[in-house]
Amino acid sequence: MFLSVFDIFKIGIGPSSSHTMGPMSAANRFLKVIRSDDWPRPGGAHIAQLKVSLHGSLAFTGVGHGTGRAVILGLTGEEPHSVEPDRIDAVIDAVERTGLVRPPGHPAYEFQPKTNLIYDKKQPLPGHANGMTFQGFDRDGRLLLKRIYYSIGGGFVITDTELEAMRGQKKNASEERVPYPFASAREMLDMARGAGLSIAALKRVNEETKMSRAELDAGLDRIWDAMNGCIDRGLQGEGILPGGLKVRRRARALHESLEAEWRSNRPNPVLANDWLSVYAMAVNEENAGGGRVVTAPTNGAAGVIPATLRYFKRFYEAASREDIHTFLLTAAAIGGIIKHNASISGAEVGCQGEVGSASAMAAAGLAAVMDGSPEQIENAAEIALEHHLGMTCDPIAGLVQVPCIERNALGAVKAVTAASLAIKGDGTHFVPLDACIETMRQTGDDMSEKYKETSIGGLAANVVEC
Ligand code: SF4
């Protein structure tokens, strides 16, 4: 099984990797198909009009997550990694005013968001909770092209046929052509022991079959710069978050009071918790505001890993560039195993798959830079994930704000606790990480759909919006 560190950590925009980045990427994929000659059509037929329908969780919480806006942006050719957050409103306004999308290299297509973008809450698609149908029609309304895409979490988008193939491939995971194709934590530990390498080193060897060492290191630097920049912007943000819940941004004020406390040497018995929380909340407030973030492994859970890493950098003076690379590679190794064997999608398994996975990844990364053995790292990931099992996804009003912002703070705190507990042990422990991941998968399967990013249960159903 090989999932690159750059598949796990992707630079994009908020508020949701599955509901914002994924649909934007799906629209771009559909545009690419239109431009290719890879689809049958009557001679001389041309697409003149586009229609998109959103299904399952995308239909239920798509408005709050900005899914419709993401689709519109994608149909104009904007991509998650490069779209300028400040330009988004102007692009959407133009499409709503003209009823046309004008992607580069294409003719203009008719697309009236009010009628051609459908939130279909009645008809889920069979492959996954986040389904999308893209259709192209000619001038006379004849359907020429149709594609189904699924946004499977963390910004990953696949077609219905790719989904089927992927599910088949899981059985043959070890056939991947990388030197260390670990598909489970057990295999990862066996390979690390057999090769005498750390988990980060195993991951590095695999990555370097696809790119040079310099490219890998530069890419890891870019990821960390984007995470760190997101924290900095989040610490400067003020005011009310968009969406109508009137949630106030808190990270800036919290940060100012922490800095003042730090400068005056006032004792703070909960110092670690406060710094972890403020960094995580800064990222998730930035995400909720539609800013630039890195999936880690998703947008909703984007604060846990940057917060843990920034905390480590700030309070461990000897932290080096190499440590940052080790942290990210180790975290990505754990994230890949979880994604392969269960899910990182709130719409599939609830928040245990998002914040739970992020916390496990952060715990593993931190244990690695604290010189943990592979066994201690696996133990750290397991502790963090175990104590998120069963956590539902119930964002109020479908916005990635409550409980998501604070939940990332708690995820970071648990990650540090888990790493610390694991480092103080010898790596032997009761519940293997693989068993914990399988438990998460089964719990997700058993979880009512109400608690999987539909916003029709849990907090979303019990808190009155005002
Ligand atoms: S509750 Fe968790 S899984 Fe659901 S949107 Fe918020 S962060 Fe994501």
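So, lysine 121: you'll find this residue in the loop between E5 and E6, where E marks a strand, a DSSP run of at least two residues, and H marks a helix, a DSSP run (H or I) of at least four, both numbered from the N terminus. A quick word on what we're looking at: this is a predicted model, where local features need pLDDT of at least 70, side-chain atom pairs count only at pLDDT 80 or more, and totals for chains, interfaces and linings use all residues. Residues are numbered from 1 along each chain as its sequence is written, and side-chain values use heavy atoms, with hydrogens and water left out.

Back to lysine 121. Is this lysine buried, exposed or partly exposed? Lysine 121 counts as partly exposed because its relative accessibility is 47%, and the cut-offs are under 20% relative accessible area for buried, over 50% for exposed, and partly exposed in between, with a 1.4 Å probe and protein chains only. Leaving out residues up to four places away in sequence, lysine 121 touches Ala59 and Phe60; contact here means heavy atoms within 4.5 Å. Serine 57 is 64 residues apart from lysine 121 along the chain, yet their C-alpha atoms are separated by 8.2 Å.

Now asparagine 130, which belongs to strand E6, residues 130-137. This asparagine counts as buried because its relative accessible area is 0%. What does asparagine 130 contact, beyond its neighbours within four places in sequence? The partners include Ser18, His19, His55, Ser57, Tyr149, Tyr150 and Ser345.

On a 1 Å grid over the protein atoms alone, a cavity is a set of points where a 1.4 Å probe fits but cannot get out; a pocket is an open set with protein on both sides within 12 Å along at least five of seven lines; and lining residues have an atom within 4 Å of a point. Points are joined across faces, edges and corners, and a volume is the space filled by probe spheres set on those points.

How many cavities of 30 Å³ or more turn up in the whole structure? Two. The largest cavity holds about 170 Å³ of space. It has 19 lining residues, with Gly300, Glu354, Cys393, Val400 and Cys404 nearest its centre. Helix H2 (17-35) and helix H18 (404-424) are the elements giving two or more residues to that lining.

And where does the ligand sit? In the largest cavity, and "sits" means that more than half of the molecule's atoms lie within 2 Å of the grid points. Around the ligand we have Gly300, Cys351, Glu354, Cys393, Cys404 and Arg407, counting a residue as near if one of its heavy atoms lies within 4 Å.

The second largest cavity comes in at about 60 Å³. Its lining includes Met1, Phe2, Leu3 and Phe182. H14 gives the most to that lining, three residues.

Last stop, the second largest pocket, with about 640 Å³ of space. It's lined by 37 residues, and Val63, Gly64, His65, Gly66 and Arg69 are the closest to its centre. Among the elements giving two or more residues are helix H3 (57-65), helix H4 (67-75) and strand E5 (117-120). Which element gives the largest share of this lining? That's H4, with six residues.
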